[in-house]
Amino acid sequence: MKYILPKHELNSLLERWSVGHAVLAPQKVGAYTEFLPFGAQSELCLEEPHNTRFPPKALFFPQSEAILKYKRNTGQLENIEVEPEKRIIFGIRPCDAKAVALLDTVFAEGENQDPFWLARRAETLLIGLGCHEPCATCFCTSADSGPFNTEGLDALLTDLGSEYMVELLSERAAGLFDGLAHASPAQQKSAQTAQTAAEHAMPKAFELEGLKEKLDRVFDEEIWTQLAQSCLGCGVCTFLCPTCFCFDLVDETQRDTRVRNWDTCMYRVYSLEASAHNPRPTRKERTRQRLMHKYSYWWDHAGKLGCTGCGRCVRYCPVGLDIRAMIRKAGAYESEVLHAN
Ligand code: SF4
Ligand code: SF4
């Protein structure tokens, strides 16, 4: 089902949704955009050519969260239950919705399902906004996705100038657009044209076909030392990545609480073992882990690429390390060596 939403009616639609849902939408905070609760005074920021700086995974998997209470004296344990309100995340970009769907394979499937993630996912609808002018750091079309990819979304909006075309993608979102006019064939064609133009405007960042096998073959090569040379090990690329999910558990004994905090494989202590052995002792191994996890191990774990091409790690790395160039170099390394020999 496809509808037309005039832009001047957007705020009143979000107000209508606010009765019964918490509505979160991108808004400016200083120099950056964040998902914040929508209210009467909200000024939405929907025109940026890229997503929010902080990834929406934080709305399901917070950066720091208490998960268990205990009493050391009695050995008593008390589970912490989450009772999330119904939410609509409006204006999420396709790369980030896809990232949420990817993280479902980690937190919502298999034998170790995460009750916190499951509870929040069950109560949340994702209403996406396609990217009609992706910025230079985005590379979703090279990463098995695209600026109008629908994976993980309940509905997708395409900007047609003075209106949006809304494509309904799930039954759960069916009532949200009641009362809107249906999109005419001409409006649907305009949306299709805008989507195709956006996809075609994005240059190819690397060849995905055969990349996993190439990376697997250069696991032991020196290329990783070169790639890691200017890395500071700050972890920004992983904390802001919408698909990174490493965490650490800490017992805060002052308040008898077990807390889960985001962690990163880019830190030396992340892989430091109690024996003092560290299987990833230098930035070479840690950089290799970051890239191999996204571009090789995710295929083993979920049959999917673990990068959505959102471009955050490219935009925010303080020394300008660009994962696209790193992947190109690592992928080409084998043939360079063969050629040289
Ligand atoms: S953001 Fe850049 S410098 Fe920081 S850990 Fe990642 S690649 Fe290294
Ligand atoms: S690796 Fe970089 S481009 Fe890929 S999903 Fe993570 S932050 Fe985005």
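User: Which domains does the domain assignment of the protein chain give?
Analyst: Domain bounds come from an automatic or database domain assignment. Here the assignment gives domain 1 (2-200) and domain 2 (211-340). This is a predicted model, where local features need pLDDT of at least 70, side-chain atom pairs count only at pLDDT 80 or more, and totals for chains, interfaces and linings use all residues. Residues are numbered from 1 along each chain as its sequence is written, with chains lettered from A and ligands numbered from 1 in the order in which they are written.

User: How many residues does the contact take from domain 1 and from domain 2?
Analyst: Two residues are in contact if their C-beta atoms, placed from the backbone, lie within 7 Å. Domain 1 gives 34 residues and domain 2 gives 26 residues. Strand 4 (64-71) and helix 2 each supply at least two residues of the domain 1 side; helices (H or I, at least four residues) and strands (E, at least two) are DSSP runs, numbered from the N terminus.

User: In what order do the eight strands of the open sheet stand?
Analyst: Two strands pair if DSSP finds at least two bridges between them. The order is 3-2-6-7-8-9-1-10, with mixed pairing. Strand 3 (32-37) and strand 10 (181-182) stand at the edges with a single partner strand each, so one side of each has no neighbour in the sheet.

User: How many bridges join strand 8 and strand 9?
Analyst: Strand 8 (residues 155-159) and strand 9 (residues 163-168) pair in the antiparallel sense over five bridges. The bridge partner of D159 in strand 9 is Y164.
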